[in-house]
Amino acid sequence: MFSINTFSEESSDAAFRRVLNEILQAPKVEKVQTGAEKVSDSNFFERLAYRFEIKNPRHRIVANDVYKLNLPVAVARFVWMISGNNRLADIAFYEPRVIEFY
C-alpha cells in the first residue's frame with residue numbers, strides 16, 4: 001500500500017510551481033517493457049496518489065513570468081470547447097498553431 005501525497009497552496013500559481021518542483025525532484029523510473037506494450041526510449045517522472053488543494057478558489061489562474069497567460073485566447077478556447085465544436089478553423093483565428101493539426 002502507498003500513502004497519498006497531499007498538500008495545500010494559496011493559489012493555482014503556487015500549486016503549479018510546487019507540482020513542477022516535486023515532479024522534477026521525483027526519482028526517475030527506468031524503461032519498462034511488458035508483453036506487447038512498447039514504452040518510450042526516454043525515462044519519465046511519475047507521482048502516484050498525488051493530490052492538492054487550492055485554498056483560495058479565486059486565485060485559480062496560473063499566471064507567472066514563465067507561463068504567459070493570453071486571456072483572449074484562453075476565453076476563446078473555453079468557449080470553443082464548451083460549445084462542443086471540433087472545427088479547428090473556428091479557433092484558428094485566436095490560436096493559429098491549431099492549423100498544424102489539420
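View 1. Asp 13 touches Ile 61, Val 62, Ala 63 and Asn 64, leaving aside residues up to four places away in sequence. The model shown here is predicted. Asp 13 sits in helix H1. Is Asp 13 buried or exposed? Its relative accessible area is 14%. The cut-off for buried is under 20%, so Asp 13 counts as buried.

View 2. Ile 61 belongs to the loop between S2 and H2. Which residues does Ile 61 touch, leaving aside those up to four places away in sequence? They are Ser 12, Asp 13 and Leu 69. Ser 12 and Ile 61 are 49 residues apart along the chain. Yet their C-alpha atoms are separated by 6.0 Å.

View 3. H1 covers residues 12-25, which makes 14 residues. From its first C-alpha to its last, H1 reaches 20 Å. That is close to the 20 Å expected at 1.5 Å a residue. Its buried residues are Ser 12, Asp 13, Ala 15, Val 19 and Glu 22. Where do these buried residues pack? They pack against S1 and strand S2 (50-54).

View 4. The side chains of Arg 17 and Asp 13 meet in a salt bridge, at 3.2 Å from N to O. Both residues lie in helix H1. They are four residues apart, about one turn of the helix. An α-helix has 3.6 residues a turn, so residues three or four places apart point the same way. Side chains of opposite charge can pair when their charged atoms come close.

**View 5. A network of salt bridges around Arg 18.** Arg 18 and Glu 9 join their side chains in a salt bridge of 3.2 Å, N to O. Which residues make up the network? Glu 9, Arg 18 and Glu 22 are linked in it by salt bridges. Glu 9 has a relative accessible area of 19%. That is under 20%, so Glu 9 is buried. Arg 18 is partly exposed, at 30%. Glu 22 is one of the buried residues of H1.

**View 6. Arg 87 paired with Asp 90.** The side chains of these two residues meet in a salt bridge, 2.6 Å from N to O. Asp 90 is partly exposed, with a relative accessible area of 37%. The structure holds six salt bridges, this one among them.

**View 7. A nonpolar patch on the surface.** Members of the patch include Phe 16, Leu 20, Ile 61, Val 66 and Tyr 67. Others include Leu 69, Leu 71, Val 75 and Phe 78. Together the patch residues have about 1100 Å² of accessible area. Which element gives the most? H2 does, with five residues. H1 and H2 each supply at least two. Val 66 has its place in the loop between S2 and H2. Val 66 is exposed, at 79% relative accessible area.

**View 8. The whole chain, for orientation.** The chain has three helices and two strands. From the N terminus, they run β-α-β-α-α. Of its 102 residues, 21% count as buried. The accessible surface comes to about 8600 Å², with 57% belonging to carbon and sulfur atoms. The mean pLDDT of the chain is 79, and 76% of the residues reach 70 or more. Among the elements, strand S1 (residues 5-9) has the lowest mean pLDDT, 84. Helix H2 (residues 71-82) has the highest, 90.

How values were computed
Residues are numbered from 1 along each chain as its sequence is written. This is a predicted model: local features need pLDDT of at least 70, side-chain atom pairs count only at pLDDT 80 or more; totals for chains, interfaces and linings use all residues. Side-chain values use heavy atoms; hydrogens and water are left out. pLDDT is the predictor's confidence in each residue, from 0 to 100. The expected span of a helix is 1.5 Å times one less than its number of residues. Buried means under 20% relative accessible area, exposed over 50%, partly exposed in between (1.4 Å probe, protein chains only). Contact means heavy atoms within 4.5 Å. Patches are made of residues with over 30% relative accessible area and no salt bridge: like charges are joined within 9 Å, nonpolar side chains (Val, Leu, Ile, Met, Phe, Trp, Tyr) within 5 Å. Accessible areas come from the Shrake-Rupley method with a 1.4 Å probe; for residues, only the protein chains shown count as cover. A salt bridge is a side-chain nitrogen of Lys or Arg within 4 Å of a carboxyl oxygen of Asp or Glu.
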